[in-house]
Amino acid sequence: MNLEKLYNLSGPCGLVIVLIGIVAIYISIRNYLYTSFAWKSFKKTFVNTSTNEEKCLKDYHGGNPFLNIIYAMVTTHQQHSDDLRAEVVYLFNKNFRSVTNGLIVLKLITVISPLLGLLGTVLGMLTIFEEISKLSNQDPQLLALGIWQALITTVMGLCVAIPTLVMFYLLSMRMKIFLMETIEHTYQAISSFNKVERAN
């Protein structure tokens, strides 16, 4: 189905719903893959699989957000804060700003898409009633087709909103789990760092 047919079938609201649906799919896949690869790289770099011991990351230089958080905590923030947990949360939000912004957009899409669907339906019904008022003899088949075209945007809006809402909550839960894991690993890294410092 090309864009012209879609526009004729569902109107401008339907076209916008399709576009924000594509945006929702892109954000969901991007955030899931980004966090998955970052976590896998973190576990590979940070945890020594042979001894199951964690590194202190004293000399780490790289782009992994999880490792950057722990590195910042080990080298800088532990000396300047009594509340290490709050510092980790701050650094987590800072390093995962793009993921957080993506979650905000997903939440927005879950609210906007049903409303756009409803708007499309209302506009479609207004058009149908306008056409009915112009015709002296109404064709029931034509009327049914018009109502179907008007209601399709509501269906489209819900079809975008429901899976987007599911992905929003799945990704939000995933980020909460990663935050808890990062806090735990940070405490262990600080402990390893302090042992190395005392030994030197």
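Modeller: A contact here means heavy atoms within 4.5 Å. Please keep in mind that this is a predicted model, in which local features need pLDDT of at least 70 and side-chain atom pairs count only at pLDDT 80 or more, while totals for chains, interfaces and linings use all residues. Residues are numbered from 1 along each chain as its sequence is written, and side-chain values use heavy atoms, leaving out hydrogens and water.

Colleague: Thanks! In what order do the elements of the protein chain run from the N terminus on?

Modeller: Helices (H or I, at least four residues) and strands (E, at least two) are DSSP runs, numbered from the N terminus. The protein chain has five helices and two strands. Read from the N terminus on, the order is α-β-β-α-α-α-α.

Colleague: What share of the residues of the protein chain counts as buried?

Modeller: Buried means under 20% relative accessible area, exposed means over 50%, and partly exposed is in between (1.4 Å probe, protein chains only). The protein chain has 200 residues, and the buried share of them is 38%.

Colleague: Is Cys13 buried or exposed, and what is its relative accessible area?

Modeller: Cys13 sits in helix H1. Leaving aside neighbours within four places in sequence, Cys13 is in contact with Leu116, Leu119, Gly120 and Leu123. Cys13 and Leu119 are 106 residues apart along the chain, with 7.2 Å between their C-alpha atoms. Cys13 counts as buried, because its relative accessible area is 8%.

Colleague: How far apart are the C-alpha atoms of Ser10 and Met156?

Modeller: Ser10 is another buried residue, at 8% relative accessible area, and its place is in helix H1. Ser10 touches Leu15, Ile152, Thr153 and Met156, not counting residues up to four places away in sequence. Although Ser10 and Met156 are 146 residues apart along the chain, their C-alpha atoms are separated by 9.0 Å.

Colleague: Why does Asn31 count as buried?

Modeller: Asn31 lies in helix H1. Residues it touches, beyond four places in sequence, are Ser98, Val99, Gly102, Leu103 and Leu171. Asn31 counts as buried because its relative accessible area is 2%.

Colleague: Which residues does Pro65 touch, not counting those up to four places away in sequence?

Modeller: Pro65 is found in helix H2 and is buried, with a relative accessible area of 5%. Its C-alpha atom is 8.5 Å from that of Phe42, 23 residues apart along the chain. Pro65 touches Tyr34, Ala38, Asn95 and Phe96.

Colleague: Which residue has its backbone oxygen 2.7 Å from a polar atom of the side chain of Ser172?

Modeller: Ser172 lies in helix H5 and is buried, with a relative accessible area of 15%. The backbone oxygen 2.7 Å from a polar atom of its side chain belongs to Phe168.

Colleague: What is the relative accessible area of Tyr32?

Modeller: Tyr32 lies in helix H1. Tyr32 counts as partly exposed because its relative accessible area is 42%.

Conventions:
A polar contact is a pair of N or O atoms within 3.5 Å; within protein, one must be able to donate a hydrogen and the other to accept it, and residues adjacent in sequence count only if both atoms are side-chain atoms.
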